[in-house]
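Here is a guided walk through a multi-chain model, taken a stop at a time. Keep the viewer open and follow along.

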Amino acid sequence: MHKIIRKTLFWIALAIVLIWSLFPYYWMFGTAFKEAEDYFAFPPVWLPSPPTMENFRVIFLKEVVNIVGIGGIAVDIIPPLLNSVVVAVGSTLIALIVGSFAGFALSRFKFRGRENIAFWIFSIRMLPPIAIIIPYFIIMKTYGLIDTQLGLIITYLVFNLPLSVWLLMRYFEEIPVELEDAALVDGCSRLQAFRMVLLPLTLPGIIATALFCIIFSWNEYLFALVLTRARSETLPILLSTFVAHKGVAWGPLSSSGLIATFPILICAIIFQKHLVRIMTMGVLKG
Amino acid sequence: MVKEKHLPWILLVPVFVLLLAVTIYPFVYGIYLSLSNYSIITGISFRGIGNYLDLFRDSRFLHSLKVTFIFVFSAVGAEFLVGLGIALLLNRQFWQKRIFVSLIYIPMIMAPIAVALMWRMLYNADYGPINYFLLLSRLTSRKIAWLSESQYALLSLIMVDVWQWSPFIFLVLYAGLQSVPPELVEAAQIDGASRWKIFRYLVLPFLSPFIVLAFLFRIMDAFKIFDSVAVLTKGGPGTSTEVVSWLSYLTGFTYFRLGYAAAMSIVLFALIMLLSQVLLKRIKQQ
Amino acid sequence: MKAKKKFLVSLVLSLILILGSIPVFTSSVLAKGVTITILAGGGPHLLSPRRAAEIYEKETGNKVVIVESPHKDLYAKALTDLISGGRSYDAFQFLYTQLATFVAGGFLRPIDDYIQKYNAESLFEDIIPSMREMYTRWGGKTYAFVYDGDVHSYYYRKDLFNDPEIKAEFKKRFGYELRPPATWEEYRDISKFFYETDYVKYGDSELAQRGRMYLWWANRFFGYGGEWFDEEGRPAINSEAGINALNNFKECIKYCPPGVLNFEFSEHQEAWLTGSIPHFVQWGDAWLDGQLSPASKVKDKIGIKLPPNDVVCLATGWAYAIPKDAKHPEEAFQFLKIMTFGENSVWAVTQPGSGVQPYLRKTHFENSKVIEALGKEFLEGYMQCIAKGKTDLRIPYAAEFVDNLDMYLSKALAGEMGTKEALDAAAKKWVELLERYFGSSTLPVKFRPMLRVPE
């Protein structure tokens, strides 16, 4: 009897937590499928019936749509989508490759200044983007990298690289050195041991690190705002353009928002196990 | 054959080169800017620490520091309580646990700009669902203008941050809870210890390194808040939500006082560094 | 098996990278002929440039690339480009109040020679003189094209104001006839009346969001006789006029829909189009969308008049200019000529949702197509407002002056500061800015004429 009450309370509590976590997303989801007059109906419309695909059609087909009270806007979601993919994948790859070398060096070799270098790399994460945004603009302009995907890929290394080094270093530390030593005894060089023993064993960690880098690159706003124009605009910038001069185009905004968040959602659900593991990283070693 | 002694340094070269180009150089440039005077018409001229001296007498900047501090500590504090609550709640086996856990951390992987836009819909004073629920449940007697009333604007931003980042703390603390040996808990329960006592004297010590880590990461990130201010309040009403990064952006991109804006962001960076040092020391001690 | 998987993964990744970067790469390599790049505000303000681009491309065989930006970022984007060598745009959109800043910074190219060369003199002379001076000229030279002739007007619901029952009730409560207000006190009375009765949902709307709300204060400020600077060039925003204006503004806020302090253009316009308010001060979009937009509930019920005290602010307004170092200035000039004069401008002015208001005497105000679409009543009323308009703040560094004023006004409206306190603080800040930028605590003499509208 006691148990049943407790179980019920648990499920109620869980339900509250879920509603709180998912309600805003559900709202955006609903708005994407609503007719324009329902966006701000009062009392609110909970389930659009019938649901309309208009908002999705508009953003994929690059139509000029006349939004009531706002006027004509034309949106095309494909280029920003492509840009976001290229930038995220590109920056993550570089961060992973360079970061794994650095993480290997920092975790497996005892040398002077090791702790300091590790801390210095980690402290880069404390840098507020706003502190380097103007120098970044000027530097990118000088090298002709404004409004290019390459420019953003390099820029996002500011975050991805330190994170990658730090996380991979921790993951490497978790694997006992003896395994590599066994390979060394068998005649491998250290680099070969690295490639054939350490990397495969830490694959889950590498995937988790990649995930974090991709999430950051995908969601970043400020640098993309300043460093891109029409050609290499990413999804977050596209979302902000819906808050236009004359009003907010809630319909296309919601449908674009769904498209923008969906891929990351899928990745996160698939790789859920790895994300959870990340959280324990580095705690024990500080 | 590569000399073993030199291998770590060679592996670290790519990281150093990239970080130098991508972080150090812009940062140094940013410092140079912060030590200069810049105006649209007269260009750039070296000034020394004058900007910093001006900052400490600038009431608008000091106010932004105050707003930022209030935001960071309220938000992170609330996130901690919520995250801990959810972690404790979910610290048991139940049906389809994995699915529920992945639903709960959806907020934190969404783009902050998308999150802010979603909440803008919810916060709408006249038609938004939040006011609808509040009026329906008679918790308030009028439609609250969440984003345009001074006493609620900052609270609204805090709520958005809590919504998005409590899952992060939840994940960290949840992982921490796994490190508590179940045998000890059972032994204490058999001995008749109350749940509160078990939590306070048994669980908490195991959790504390995780708590400090969660605080460290969240505080570092919360200080940089920008996206939601840009979309929801633009620093208003008045200056009640004018946080440092927003003021720096405004000063740099509307007034074009680039040197002064750079100085503001460097001060922000210094603050973050300081606080992180304090927290990191705590971690090391444990 | 593992090696195969790795190979597949790397293949997929490389394909993604290559395919994804093709559009960006090729768009810069394949462009043939002259391509001009235009920076334009997003959303509705793209309609006119896009149409003009088609016409221009057909006529000249050149290509036009329109770079879109949210309006609030236009200034930042244009300036950051200009200060760092600026060759990204051949023409860009900006607010006329910013012209002084661009010219003083040496970023713009005077276009008087092009006007001669391409016989555009008659076109420029067609621009309403006050707008021509304010939008396109500085220091005796021409630098820009008018894109959108903005002025505020007072719009009201004729059906409500002419209703005998409502009129009787108003007379009963306030002791005078209901009519478009002659003073700001009357404006407030009308707002109060409609807020407290049931004829319409709310009493007023104001664009009170931090950023541009100073314009709604400015109308009142000018109405009470205020000037930006006094005869000695000292900031006069905290004069009696300023205080009265802010107090009146504060009172009217009470009669607006909830959340008014966060109202930007869309919420403000929406209150009007949904028929929830009896009157308000707004740009010409109130008529344009009110009459021509299918969602409007106020069609054929709109009256237009000068705001109280017969004075109004020529509230910001969009223009286009050509950077000094632009790659293709003459082509840009041709394009702007096509877009902002003649047939395309007539189309823009009569197109609901284009965001463009009339600014050409013959081509717009005396054009039968325009008269037919917008109505004589609107055009006459609008002309009157332009004639009695006072300039927005056009001095170098205007953005910073105006934003600080806006901030203090916003604080006063939010109740964080008292009225006099806020205005005094704003005036003090203005003196600080004058000293920092011009080395004097008063406005330099050479800028003072710029704040007066030529006849």
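Predicted model: local features only at pLDDT ≥ 70, side-chain atom pairs only at ≥ 80, totals over all residues.

Let's start at Gly48(B), which sits in the loop between strand S2 (43–46) and helix H2 (50–57) of chain B. Helices here are DSSP runs of H or I with at least four residues, strands are runs of E with at least two, and both are numbered from the N terminus. Gly48(B) is buried, at 16% relative accessible area; buried means under 20%, exposed over 50%, and partly exposed in between, with a 1.4 Å probe and protein chains only. Setting aside neighbours within four places in sequence, Gly48(B) is in contact with Ser34(B) and Leu35(B), contact meaning heavy atoms within 4.5 Å.

Residues are numbered from 1 along each chain as its sequence is written, chains are lettered from A and ligands numbered from 1 in the order in which they are written, and side-chain values use heavy atoms, leaving out hydrogens and water.

Now for the meeting of chains A and B. Here 90 residues of chain A are in contact with 89 residues of chain B. The buried area is about 8500 Å², and carbon and sulfur atoms give 84% of it; that area is the accessible area (1.4 Å probe) the two parts lose on being put together, summed over both. There is one salt bridge between these chains, that is, a side-chain nitrogen of Lys or Arg within 4 Å of a carboxyl oxygen of Asp or Glu. Arg125(A) makes it with Asp221(B), the closest N and O atoms being 3.4 Å apart.

Most residues other than glycine have a negative phi. Phe256(B) is not a glycine, yet its phi is positive, about 60°. Phe256(B) lies in the loop between helix H12 (244–253) and helix H13 (258–285) of chain B, and is buried at 1% relative accessibility. Thr316(C) also has a positive phi, about 35°; look for Thr316(C) in the loop between strand S10 (312–314) and strand S11 (318–321) of chain C, buried at 5%.

We'll finish with charge pairs. Over all chains, the structure holds 36 salt bridges. Arg51(C) pairs with Glu343(C) at 2.8 Å between the closest N and O atoms. Arg51(C) is in helix H2 (residues 47–60) and Glu343(C) in helix H16 (residues 342–349) of chain C, so the pair ties together parts 292 residues apart in sequence. Arg51(C) is partly exposed at 22%, and Glu343(C) is partly exposed at 47%. Glu264(C) and Arg212(C) also meet in a salt bridge, at 3.0 Å from N to O; both residues are buried.
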